[in-house]
Amino acid sequence: MICLADLPGQALDDLLLKAGQAIWAAGPLRKGSNLCHGTGGKGHAFLQLWRRTQDPRWLQRARAFAMHGIEQTAAERRAVGYGHHSLWTGDPGFAIFLRACIDGGAGFPTLDHFFECETR
């Protein structure tokens, strides 16, 4: 969904909104807060919808996932005694998601920075 959100036109809007709704209904993942199939990665989908639609509901949902992810990160650190230092499966990627929730950005690490889309 993150890559599809940049396609021009409105042909996919209904599908993207339904995907966002499905992510919201499923809730944060138990896997952890990371970007790679974790709460932060799912929350980025909401940021993409925020950027595409400017509907504040999506930014609020991203921020709700961020708050849950903060608790996940703290619990993981308590359980294992240290943080994880990988962009995709660790704390740095989640920190990037948190920053995006603060400033309302939706740039996903690598995908949006190495492969700039002409529609932005």
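Student: How are H2 and H4 oriented to each other, roughly parallel or roughly antiparallel?

Tutor: Angles under 35 degrees count as roughly parallel. In this predicted model, helix H2 (residues 39–53) and helix H4 (residues 91–103) pack at about 25 degrees, their axes 10 Å apart. H2 and H4 are therefore roughly parallel. The crossing of H2 past H4 is left-handed.

Student: Which residues of H2 and H4 meet?

Tutor: From H2 come Gly40, Gly43, His44 and Leu47, and these meet Phe94, Phe97, Ala100 and Cys101 of H4. By class, five residues of this contact are nonpolar, three are polar and none is charged.

Student: At what angle do H3 and H4 pack?

Tutor: Angles over 145 degrees count as roughly antiparallel. For H3 and H4 the angle is about 150 degrees, with the axes 10 Å apart. That makes H3 roughly antiparallel to H4. Their crossing is left-handed. On the H3 side the contact includes Leu59, Phe65, Ile70 and Arg77, and on the H4 side Asp91, Phe94, Leu98 and Ile102 are among the residues. The contact of H3 with H4 has ten nonpolar, two polar and three charged residues.

Student: Why does glutamine 72 count as buried?

Tutor: Buried means under 20% relative accessible area. Glutamine 72, in helix H3 (residues 56–80), has 14% relative accessibility and so counts as buried.

Student: What does glutamine 72 touch, leaving out residues up to four places away in sequence?

Tutor: Glutamine 72 touches Leu29, Arg30, Gly32, Ser33 and Thr39. A polar atom of the glutamine 72 side chain lies 2.5 Å from the backbone oxygen of leucine 29.

Terms used:
Residues numbered from 1 in each chain as written. Predicted model: local features only at pLDDT ≥ 70, side-chain atom pairs only at ≥ 80, totals over all residues. Heavy atoms only, no water. Axes fitted to C-alpha atoms, helices over the stretch in contact; angles between N-to-C directions. Helix = DSSP H or I, 4+ residues; strand = E, 2+ residues; numbered from the N terminus. Parallel < 35°, antiparallel > 145°, perpendicular 65-115°, else oblique. Left-handed = near helix turned anticlockwise from the far one by under 90°. Contact = heavy atoms within 4.5 Å. Nonpolar A, V, L, I, M, F, W, Y, C, P; charged D, E, K, R; others polar. Buried < 20%, exposed > 50% of the residue type's maximum accessible area, 1.4 Å probe, protein only. Polar contact = N/O pair within 3.5 Å; in protein donor to acceptor, adjacent residues only side chain to side chain.
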